[in-house]
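Hi everyone, thanks for coming. I'd like to walk you through one model today, from the whole chain down to a few single residues. Here it is on the screen.

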Amino acid sequence: MTQFDVVIVGAGHNTLSCAAYLARAGIGVLVLEQHDRPGGGGITREATLPGFRHNIHAQVPGILHGSPILTHDELELKSKYGLKMASGELTCLTMFDDGDTLSFFVDLDRTCASIAAMSEKDAAAYRRLALRMRAIMPLMGMGMGRPPGSFGAFISLMEQMPLGADFIVSMMKSSYDLIVENFEHPKVIMHMMKWVGDAGVVPESKGTGNSLMFLIGATHLAEVGPAIGGTQAIADALIRCIEDHGSEIRTGVRVRRIVNSGGSARAVETDDGEIIAARKAVVAGIPPHRLGEMVEGLDPALTQAAERTHSSDIADLTIHLALGDKVEWHGGAAINQCQHFYLIDRAEMHDYRKSFDDLRYGMLPRLFSGAGVIPTNFDPGMAPDGKHVAFFYFGVPYALKDTGPEGWDAIKEEMADRYMTSLSRFAANLEGANVLARYVESPLDMARYSPSFRNGDVFGMGNYVYQSLGMRPTPQLSGYRVPGADGLYLSGPFMHPGGGINGGGRAVAIRVMEDLGVDTMKVLKV
């Protein structure tokens, strides 16, 4: 029986960032990963042709740019371990199939000018909301890198802030409520709905208003961009940090269960029967729905509440392309300067709204609407000289109405063909000889890749107000500790601060260090 201070199950970016903080604090860590490479949802690999490197899931780690991991280089990922990040002023652009575009910049004035070209009233409304969020974002940003307090405490704090009560009301509403209360131009409304849908939620679902408000606030904080060398470069820098501080990572090791003996979790058992003990704690990337399966002796009420957590309403079909030349967009070259973009058909608002409802009922959306990233626009090294890689993703249901999720195996390539035909309306060279190869993943493929991607949800769990802050994934589990299994902590996209590449392991490490009596200021700068 091998023993370490802390055993960490899973090597996604959340658990890796937790491991890096613990290792820097002098705690001996062993990280176990079931796949042959660390990275979780942040892997980069040659999925199409040799030399063409694709970020398979996570693309632009926007929220990470605001984390102390980068702003204060707390883990020395930039200064010592070689991490380089690109950045750009144009964060998001929506192109409609008539060539109209709507651009969102870090600079609020430039964003409002773009909106004003469609509606002066909408530009004024957007400015008002952005300025409201400017006062709230420092509080929210500070909270993302630390363990969450209770949801009630957050509400009490917000009530004491100017405009805080308005924000609480906004959280409880649907994003669509807020959109139509503030905006009037159809294309502005469609952009806002697509923006929120990109976070995995149907805009008309109640309790999603926080998604819209957070997006507006986060857009104007700082320039963001991808990691040079692909999203995998973030995991690789974290690994160098972990190993440099004497800790270890093992791949190809699947953990069968957490050994919970007498209410104390201090060991794990692997599929081959090895027991690996931890002197102080176990940190596990166990998604809530698998908690009862992986940990014996827990209160059934705790595990049943965890199983009832809700996935996002919107999953994705993704297409990775190897391209001979840069994409030539009908709407102009500005789109090649933005971090990510949306493509939307012209449509009546009634039909556009219904296209989101289709997803909830297991039907493929009736209108074309997609999103994309061109990594080589910011990092030419992702492809051979003069070549490019592109990533497109399209909101789809996980469980198809007639066949369930298993139906994706039969239709994913057919659907990719259909989406490629639609993409050709937006660009001159996204068909024919310029497309050298492609790689397609369905929501079912994503669910198979990682148990954290339940129902194909790469965010780990839906971004609803009742699954946020001190209620994510449930109130009992939101502090990362698992009641009934002393020494066991949870880390992953299903925990606060949520999905995406955001350095969420920092908050878990803080909680572990506090419980172990370790001075967190050994590694924290803010």
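A word on the ground rules. This is a predicted model, so to speak of local features I need pLDDT of at least 70, side-chain atom pairs count only at pLDDT 80 or more, and totals for chains, interfaces and linings use all residues. Residues are numbered from 1 along each chain as its sequence is written, and side-chain values use heavy atoms, with hydrogens and water left out.

So, the whole chain. It has 16 helices and 16 strands; these are DSSP runs numbered from the N terminus, with helices being H or I of at least four residues and strands being E of at least two. The radius of gyration is 22 Å, close to the 24 Å that the globule rule gives for 526 residues, so the chain is as compact as a globular protein of that length. For the record, that radius is taken over C-alpha atoms, and the rule is 2.2 Å times the number of residues to the power 0.38. Along the principal axes, the C-alpha atoms fill a box of roughly 65 × 55 × 50 Å.

How much of the chain is buried? Buried residues make up 61% of the 526, where buried means under 20% relative accessible area, exposed means over 50%, and partly exposed is in between (1.4 Å probe, protein chains only). The accessible surface comes to about 19400 Å², and 50% of that belongs to carbon and sulfur atoms; the areas come from the Shrake-Rupley method with a 1.4 Å probe, and for residues only the protein chains shown count as cover. As for contacts, meaning heavy atoms within 4.5 Å, take the ones between residues at least 6 apart in sequence: 72% of them join residues at least 24 apart.

Now to charges. There are 48 positive and 60 negative side chains, and the centres of the two sets lie 3 Å apart. Lys and Arg count as positive and Asp and Glu as negative, while His and the chain ends are not counted; each charge is placed at NZ of Lys, CZ of Arg, CG of Asp or CD of Glu.

The structure holds 31 salt bridges, each being a side-chain nitrogen of Lys or Arg within 4 Å of a carboxyl oxygen of Asp or Glu. One of them pairs R266 with D486, at 3.0 Å from N to O. R266 sits in strand β9 (264–270) and D486 in the loop between α15 (443–449) and β16 (488–490), so this pair ties together parts that are 220 residues apart in sequence. R266 is partly exposed at 26% relative accessibility, and D486 is partly exposed too, at 47%.

K401 and D402 form another salt bridge, at 3.6 Å, N to O. Here K401 is exposed at 56%, and D402 is exposed at 69%.

Then there is R448 with D445, at 3.7 Å, N to O. They are three residues apart in helix α15, which puts about one helical turn between them. Buried or exposed? R448 is exposed at 51%, whereas D445 is buried at 15%. Elsewhere, salt bridges that share partners join R254, R256, R257, E269 and D271 into one network.

Let's look at helix α13, residues 349–360. Its M349, Y352, S355, F356, D358 and L359 are buried. What covers them? The cover includes α8 (186–197), β12 (340–344), β13 (369–373) and β14. After α13 comes G362, with a positive phi near 75°.

I286 is in the loop between β10 (275–284) and α11 (291–294), and it is buried at 3% relative accessibility. Setting aside residues up to four places away in sequence, I286 touches I258, L291, M294, V295, L490 and F494.

S103 lies in strand β6 (101–105) and is buried at 10%. Beyond its neighbours within four places in sequence, S103 is in contact with L90, C92, L93, T111 and S114.

Finally, G404 is in the loop between β14 (388–396) and α14 (408–423), and it counts as buried at 16%. G404 and L444 are 40 residues apart in sequence and 9.9 Å apart in space, C-alpha to C-alpha.

That's my tour, and I'm happy to take questions.
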